[in-house]
Amino acid sequence: MPTSRHERALRRAGFCAVAGVDEAGRGALFGPVFAAAVVLDPERPIRGLDDSKQLDPERREVLAGRIRERACAWAVGAADAFEIDHLNILEASRLAMRSEE
């Protein structure tokens, strides 16, 4: 899993905006899969960020508010059950990461 070490390396290589991406819904039997991408300002770090699945629901809510307050940019994409059935869950997750709703 990429960490801030990866982000720092990309910034040293000249990238100014590095997005973190996470998905949710891959484990569900029915329904869509969602993905979110967020670009954070390295000058305004958010303590405690981690894979959302590693956090308890209360901590996720607190961090979600901080992300919305401090994010330079963010987007959410989804792939529906039809796309999952036709592509497979991995490709549908990738589709969600490339799309924006």
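# A guided tour of the predicted model

Begin by selecting Gly-31, in the loop that joins β1 to β2; here helices (H or I, at least four residues) and strands (E, at least two) are DSSP runs, numbered from the N terminus. Residues are numbered from 1 along each chain as its sequence is written. This is a predicted model, in which local features need pLDDT of at least 70, side-chain atom pairs count only at pLDDT 80 or more, and totals for chains, interfaces and linings use all residues, while side-chain values use heavy atoms, with hydrogens and water left out.

Gly-31 has a relative accessible area of 27% and is partly exposed (buried means under 20% relative accessible area, exposed over 50%, and partly exposed in between, with a 1.4 Å probe and protein chains only). With neighbours within four places in sequence left aside, Gly-31 is in contact with Ala-81 and Ile-84, contact being heavy atoms within 4.5 Å.

Next, colour the chain by pLDDT, the predictor's confidence in each residue, from 0 to 100. The chain has an average of 87, and 92% of the residues score at least 70. Confidence in the chain is lowest in β1, with a mean of 86, and highest in β3, with 93.

Now select Glu-23, which belongs to strand β1 (residues 19-24). Its relative accessible area is 13%, so Glu-23 is buried. Not counting residues up to four places away in sequence, Glu-23 touches Val-33, Phe-34, Ala-35, Lys-53 and Met-97.

Move on to Gly-77 in strand β3. Gly-77 counts as buried, at 1% relative accessibility. Select Ala-37 as well: Gly-77 and Ala-37 lie 40 residues apart in sequence and 8.6 Å apart in space, C-alpha to C-alpha.

The largest pocket is the next stop. On a 1 Å grid over the protein atoms alone, a pocket is an open set of points where a 1.4 Å probe fits, with protein on both sides within 12 Å along at least five of seven lines, and lining residues have an atom within 4 Å of a point. The largest pocket holds about 1500 Å³ of space, the volume being the space filled by probe spheres set on the points, which are joined across faces, edges and corners. Two or more lining residues come from each of α1 (4-12), β1, β2 (33-40), α2 (57-70) and β3 (71-79). The lining divides into 24 nonpolar, five polar and 12 charged residues; Ala, Val, Leu, Ile, Met, Phe, Trp, Tyr, Cys and Pro count as nonpolar, Asp, Glu, Lys and Arg as charged, and the others, Gly among them, as polar.

Then select Cys-16 and Cys-72. The whole structure contains zero disulfides, a disulfide being a pair of cysteine sulfur atoms within 2.5 Å. For Cys-16, the nearest cysteine sulfur is that of Cys-72, 11 Å away. Cys-16 is exposed, with a relative accessible area of 67%, and Cys-72 is exposed at 54%.

Finish at Asn-88, in the loop between α3 (81-87) and α4 (89-98). Its phi is near 105°, a positive value in a residue other than glycine. Most residues other than glycine have a negative phi. Asn-88 is partly exposed, with a relative accessible area of 38%.
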